[in-house]
Amino acid sequence: MSSLIVHYSAHIRELDDCLSGTPVTLTGNGLSLAQIAAIARHIPSSAPPLRLSPCEHLRAAHDASRHVIASKVEAGLSIYGVSTGFGGSADTRTDDPIALGAALLQHQHAGVLTPSSVSRDAFSSALLPLSDPAYSTTMPPAWTRAAMLVRTNSLLRGHSGVRWQLVEKMAEALSKGLVPLVPLRGSISASGDLSSLSYIAGMLIGNPAIRVWLFASPIPPSLPIQPAPSKVPALRFPVSAASSTFASGTATPATESGGVSPISPSTPASSIPDDGFTKAHFAQSAFSYSPLASSSTTYTASNALALTNTSPLPLASKEHLGILNGTAFSAGLAALVVNDAQDVAVLGAVLTALSIEAMLGSRGSFDPFVGHARPHPGQIESAHLIWSLLSESKFAQGEEVEVSIEEDHGVLRQDRYSLRTAPQWLGPQFEDIKRVEETIRIEVNSTTDNPLVEPPREANGKGKIHHAGNFQALSVTNAMDHLRLSLSHIGRLMFVQVTELVNPAMNRGLPGNLSSGESALDFGCKGLDIAAASYIGELNALGGMNVGVGNVSAEMHNQSVNSLALISARYALTALEVSQLLAATHLFVVCQALDARALYVEMRQLCAQVVRDLVREAFSLSGADQLVDKIARKVIPQVYDALDRTTSMDTAPRMAKVASEAVSPLLEALTWLDLSTLDLGKVAAFRATLADSLAALLTELRCAYLGVSLADVRRGCMGSTLTSTGTPIFDIAPRGRTPASTFLAPRTRVVYEFVREELGIQMHGADNLKGSVFGMHEGGLPGLEVEDVMASLGGSVDTTVGDKVSIIVEAIRDGRMARVLVRACAGVDE
């Protein structure tokens, strides 16, 4: 099996090929997770074309399978689900398979969808709902489109005894953007996802009690729909029901601002006549393509079919059961979750590499020798990936420098566990995620019916019907249970790295909370540290959840064991979404840490020169460069150490303390001079000037990194009398949007620059340095009305830290981050 990063890169390339127009051709065997994502998460106008295999052998086998059922029905033979009842009621008999199928759909339409067909408008009363009335009970369209695709692929295989026309109708509905509203809950995934799939069947036959969304489908102009926005930036379904819109960007609900939904949620679906919506009523040329439908724009199935020029398909014997009896919803949702979970796994390694750079960690922990000494495949893969990501980094330490005991200053000899043992932690997750992906790939290319129809192997053969249990989806349940655990483990590593990055006791000289200004009024990433704890707390609960062991007997004790696969997949999606929040938080924090580290490095470099210049000036040593260097070498280490230990202090007292601690080594070094002529007043002057100079240096570096003019720095943030006039003394040029780029490895730089340049998220803290945080002064921001402030968000007035993390979350969820990760990891393991 190829490495995770090779597999991941190939997956993203295949997805891009699909979205570039490469058709998805169903054969019953080769459906990939990338193809499922391309179809399920994109409306038909942006999804790849969907085709059925033209293979004559496949079609012949499919027809032969149908003939087995048709011939037995014609001969009056008894067949489970055709002449018998279902499950625990299989002891009943009938000779009317069509009526039997209708009764199957009727009793499976048992799920709860709100608002109901007779409910009042959700907000017409004073009682506000505790959750979104629709999304708390309805599957998002992406789930249903995935299920429709998986079920079509399964029926295509010719083991279900259904007609080819049914397979074609399923594909047609997908291509036209017809999506039934399906209850979020109600499936135990035992005899497949019976109830969930029944709503697809109800849509195909045009049952007016089934409600349907139309996405990018023809809508008659006589039905008023809210006008489309001038620009729809994205046409991609989110996987989750949490969002109130189906595509990122601006939604246009049909019921807002005077828009009228063609079928109001308050109208009973079964009471709406179809006569005015028949195909004959509208000429084909009268159809126009609408913008994305919203959650409030639903149609009865009969109307939806008519509006899209789609003929309802009366189902034949065995076909009702053929649609319902399968694991398509469990497998379809699982496929979408695994698709995005791979992003989190790769991000776990990339964020570790970035954290190592920010913490001046060691690349040596990932030396190939270590993995070969304990050759677990995942450990070797993840170590090699991190090793490759750190190549040519100026922050990460390469070969360990051996020192004597006398030279060893008592600092940690090795990185902490969150960095050093990352391959041993991520490796098992790499292995599990690959196994999970393979399990789901098999499932979406399987026949999960009962009974199964084996076509005759000979021209005049009779074929065979098998009563078995391929609908039992425990393999999906186990896969999703394992995936949640893996996401929890990856999240744990991210969380610990975040906490160490913001903790001045652990981050090797960076400011506490990674603040960029005065610590008394700039708490940097403290809020994100707390948020990360919330995310990992939820992830821990989800990771420890074993859904599969929680099943109970159902359906007259016939379904005495049931997989609960769809429930497990739903919880896996929740874990995925929380993981994405944590990963985005980590990425924001580590980018802040990288900029802080670059500033730290420059501060140390310039600080050394300041010490040398002041030694030369204070003690009249012009021309005595060797002596100056000798004294400076004694003083500078103490200055560095004091800087590292005082990051939680405000600038002025901090630099005063640093300068004071420099006096002792200075006096020791001055013994090399003629002490009889030493003026101790010069030592005091050196201390005062050093404190003022270092404060000015730090302030100017902050300005250069944050893009702030020295004249705009808040009075209390100057920290130095030298810069109190607003005139710089070091003349440090602005460092631009990506000040840490020159220090980073080429691969990690790709991710850092994506955040800083493409997403436009700059180093945090400019408003704190300027004192322009909204509300920091009494009366808010002088001269700005609330409307002006809102209009200038992202400009002169900063957005919230959480909003910036949200921008990263969106980039993870809409696939932009995946392409960046592939670029960063290009060539690794290939």
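In helix 18, the residues Val628, Ile631, Ala632, Val635, Ile636, Val639, Tyr640, Ala642 and Leu643 are buried; buried means under 20% relative accessible area, exposed over 50%, and partly exposed in between, with a 1.4 Å probe and protein chains only. Helices (H or I, at least four residues) and strands (E, at least two) are DSSP runs, numbered from the N terminus. The model is predicted: local features need pLDDT of at least 70, side-chain atom pairs count only at pLDDT 80 or more, and totals for chains, interfaces and linings use all residues. Residues are numbered from 1 along each chain as its sequence is written, and side-chain values use heavy atoms, with hydrogens and water left out.

**Helix 18**

- The buried residues of helix 18 pack against helix 17 (565-618), helix 19 (651-670) and helix 20 (680-706); contact means heavy atoms within 4.5 Å.
- Helix 18 covers residues 625-645, 21 residues that should span 30 Å at 1.5 Å a residue; the expected span is 1.5 Å times one less than the number of residues. The end C-alpha atoms of helix 18 are 30 Å apart, which agrees.
- At arginine 633, helix 18 bends by about 30 degrees, and proline 637 follows within four residues. The bend at a residue is the angle between axes fitted to the seven residues ending there and the seven starting there.

- Three strands form an open sheet in the order 3-4-7, with antiparallel pairing; two strands pair if DSSP finds at least two bridges between them.
- Strand 3 (178-180) and strand 7 (299-300) are the edge strands, and each pairs on one side only.
- Strand 4 (residues 211-214) is joined to strand 7 by two bridges, and the two run antiparallel. Arginine 211 is opposite threonine 300 in strand 7.
- Helix 5 (residues 141-155) packs on the sheet and touches strand 3 and strand 4, and its direction makes about 105 degrees with that of strand 3. Axes are lines fitted to C-alpha atoms, for helices over the stretch in contact, and angles run from 0 to 180 degrees between N-to-C directions.
- Helix 7 (residues 194-204) lies across strand 3 and strand 4 and runs at about 130 degrees to strand 3.

**Loops and backbone angles**

- Threonine 114 and proline 115 are joined by a cis peptide bond, with omega about 0 degrees. Proline 115 is in the loop between helix 4 (97-108) and helix 5.
- Another cis peptide bond runs from asparagine 450 to proline 451, with omega near -5 degrees. Proline 451 is in the loop between helix 14 (422-443) and strand 8 (452-454).
- Leucine 564 has a positive phi, near 55 degrees, in a residue other than glycine. Its loop lies between helix 16 (526-543) and helix 17, and leucine 564 is buried, with a relative accessible area of 10%.
- Serine 620 also has a positive phi, near 50 degrees. Serine 620 is in the loop between helix 17 and helix 18 and counts as exposed at 56% relative accessibility.

**Nonpolar cores**

- The largest nonpolar core has 228 residues, of which Ile440, Met480, Leu587 and Ile808 touch the most other members. Such a core is a set of buried Ala, Val, Leu, Ile, Met, Phe, Trp, Tyr and Cys residues joined through side-chain atoms within 4.5 Å.
- Helix 17 gives the most to this core, with 31 residues.
- Not counting residues up to four places away in sequence, isoleucine 808 touches Ala584, Leu587, Phe588, Val755, Leu759, Ile761 and Met817.
- A second, separate core has six residues, including Ile69, Ile79, Val453 and Ile465.
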